[in-house]
Amino acid sequence: RFRRFPLARIVEHLALILLVAVLAATGLAQKLHHLAASQWLFTLVGGVELVRRIHHYAGAALAGNFVTFAMYLAFGAVGAVAPKWIELSNTLPAITK
């Protein structure tokens with residue numbers, strides 16, 4: 001069987017799905033705080049302050065996920081999609097002359 005993506009990319013995408021779902025749920029609950037579903041989430045989690053904290057941590061984790069992906073693009077196994085550092089370091093002096 002052929003594996004299309006390495007395990008690290010699969011985990012990264014699962015984390016992305018989970019983080020977006022958490023951000024959507026906590027963000028909408030704060031925005032639409034008057035709805036019964038929002039009140040249920042506040043009660044389940046332990047209050048609006050904890051929902052806000054979870055939202056902020058999930059946002060920071062999503063930013064970290066983006067940084068990880070950007071580093072993978074810049075230095076990873078993407079190949080032709082992103083130039084390697086040595087290619088950039090050889091090209092920049094030629095451009096600035």
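Biologist: At what angle do helix 1 and helix 2 pack, and how far apart are their axes?

Modeller: Helix 1 and helix 2 (residues 36-45) pack at about 115 degrees, and their axes are 9 Å apart. Axes are lines fitted to C-alpha atoms, for helices over the stretch in contact, and angles between N-to-C directions run from 0 to 180 degrees. This is a predicted model, in which local features need pLDDT of at least 70 and side-chain atom pairs count only at pLDDT 80 or more, while totals for chains, interfaces and linings use all residues. Residues are numbered from 1 along each chain as its sequence is written, and side-chain values use heavy atoms, with hydrogens and water left out.

Biologist: How many helices and strands are there in the chain?

Modeller: The chain has four helices and zero strands, and its elements run α-α-α-α from the N terminus on. Helices (H or I, at least four residues) and strands (E, at least two) are DSSP runs, numbered from the N terminus.

Biologist: Which residues of helix 1 and helix 2 meet?

Modeller: Ala25, Thr26, Leu28, Ala29 and Gln30 of helix 1 meet Ser38, Leu41 and Phe42 of helix 2, where contact means heavy atoms within 4.5 Å. The residues of this contact divide into five nonpolar, three polar and no charged. Ala, Val, Leu, Ile, Met, Phe, Trp, Tyr, Cys and Pro count as nonpolar, Asp, Glu, Lys and Arg as charged, and the others, Gly among them, as polar.

Biologist: What makes Glu12 buried or exposed?

Modeller: Glu12, in helix 1 (residues 7-31), has 8% relative accessibility and therefore counts as buried. Buried means under 20% relative accessible area, exposed over 50%, and partly exposed in between (1.4 Å probe, protein chains only). Of the 97 residues of the chain, 13% count as buried.

Biologist: Why is Asn65 placed in its class of accessibility?

Modeller: Asn65, in helix 3, counts as buried because its relative accessibility is 12%. Leaving out residues up to four places away in sequence, Asn65 touches Glu12, Ala15, Leu16 and Leu19.

Biologist: What joins the side chains of Glu12 and Arg9?

Modeller: A polar contact of 2.7 Å joins them. The term covers a pair of N or O atoms within 3.5 Å; within protein, one must be able to donate a hydrogen and the other to accept it, and residues adjacent in sequence count only if both atoms are side-chain atoms. The backbone oxygen of Glu12 also lies 3.3 Å from a polar atom of the side chain of Asn65.

Biologist: Why are Ala15 and Gln39 classed as they are by accessible area?

Modeller: Ala15 of helix 1 has a relative accessible area of 29% and is therefore partly exposed. Gln39 of helix 2 counts as partly exposed because its relative accessibility is 39%. Ala15 lies 9.0 Å from Ala61, C-alpha to C-alpha, and 46 residues from it in sequence.
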